[in-house]
Amino acid sequence: MSNYAGDITPQEAWDILTSNPDSRLVDVRTDAEWRFVGVPDTSSTGTEPLFVEWVSYPDGERNYQFVAQLKEQGIEPGTDAPIIFLCRSGQRSIGAAVAATDAGIGPSYNILEGFEGATNDEGHRGWQGWRKAGLPWRQG
């Protein structure tokens, strides 16, 4: 049993975002990743993704203001709105989902495979994840 709502595929995340107007996508990658790799485009759902770093760049230090910054962007505890967390490969977003759940936010989900997925045998990303699933995105 996990201490967040669970792991979902990129397509399942998109299905929630397009069917539940109260749901929100939170991208927890770094500013550099948003700018240079791209970001999910949820504009067709009537909302934009929220951007709150889980760790900072370049030092990789955890953002201890994460929950406070979620609240500053309108994500509040005590609602039933699904909050879906995304990172590069689906690892950092687990910590974000756990922290949000611990703060009473959610249900909080982690997107498996993240935006680009894990590295393949050649050390490259992009063979899985949000972009590979063909979901909307744009260059940051």
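# Salt bridges, burial and backbone features

In this predicted model, Arg92 forms a salt bridge with Glu33, and the closest N and O atoms are 2.9 Å apart.

User: Why is the pair of Arg92 and Glu33 called a salt bridge?

Analyst: The term requires a side-chain nitrogen of Lys or Arg within 4 Å of a carboxyl oxygen of Asp or Glu. The closest N and O atoms of Arg92 and Glu33 are 2.9 Å apart, so the pair falls within the 4 Å limit and is called a salt bridge.

User: Are Arg92 and Glu33 buried or exposed, and how do you know?

Analyst: Arg92 has a relative accessibility of 18%, and Glu33 has a relative accessible area of 10%. Buried means under 20%, so Arg92 at 18% counts as buried, and Glu33 at 10% is therefore buried as well.

User: What makes Asp31 and Arg35 a salt bridge, and where do they lie?

Analyst: The closest N and O atoms of Asp31 and Arg35 are 2.7 Å apart, and because the limit is 4 Å, the pair qualifies. Both residues lie in helix H2 (residues 31–37), 4 residues apart, which is about one turn of the helix.

User: Why are Asp31 and Arg35 called partly exposed?

Analyst: Partly exposed covers the range between the buried limit of 20% and the exposed limit of 50%. Asp31 has 34% relative accessibility and so counts as partly exposed, and Arg35, at 44%, therefore receives the label too.

User: What is known of the salt bridge between Asp27 and Arg29, and why are Asp27 and Arg29 called buried?

Analyst: The closest N and O atoms of Asp27 and Arg29 are 2.7 Å apart. Asp27 has 0% relative accessibility, which is under 20%, so Asp27 counts as buried; Arg29 also has a relative accessible area of 0% and is therefore buried.

User: How many salt bridges does a search of the whole structure find?

Analyst: The search finds 5 salt bridges.

User: How do you know that Ser93 is buried, and what surrounds Ser93?

Analyst: Ser93, which is found in helix H4 (residues 92–102), has a relative accessible area of 0%, and because buried means under 20%, the label applies. Leaving out residues up to four places away in sequence, Ser93 touches Val28, Phe85, Leu86, Cys87, Asn110 and Ile111. With one of these residues, Asn110, the side chain of Ser93 makes a polar contact at 2.3 Å, side chain to side chain.

User: What makes the backbone at Glu113 and at Pro58 worth noting?

Analyst: Most residues other than glycine have a negative phi, and most peptide bonds are trans. Glu113 has a positive phi, near 75°, in the loop between strand S6 (108–111) and strand S7 (137–138), and at 31% relative accessibility Glu113 counts as partly exposed. The peptide bond from Tyr57 to Pro58 is cis, with omega near 10°, and Pro58 lies in the loop between strand S4 (50–51) and helix H3 (66–72).

Technical notes. Residues are numbered from 1 along each chain as its sequence is written. This is a predicted model: local features need pLDDT of at least 70, side-chain atom pairs count only at pLDDT 80 or more; totals for chains, interfaces and linings use all residues. Side-chain values use heavy atoms; hydrogens and water are left out. Helices (H or I, at least four residues) and strands (E, at least two) are DSSP runs, numbered from the N terminus. Buried means under 20% relative accessible area, exposed over 50%, partly exposed in between (1.4 Å probe, protein chains only). A polar contact is a pair of N or O atoms within 3.5 Å; within protein, one must be able to donate a hydrogen and the other to accept it, and residues adjacent in sequence count only if both atoms are side-chain atoms. Contact means heavy atoms within 4.5 Å.
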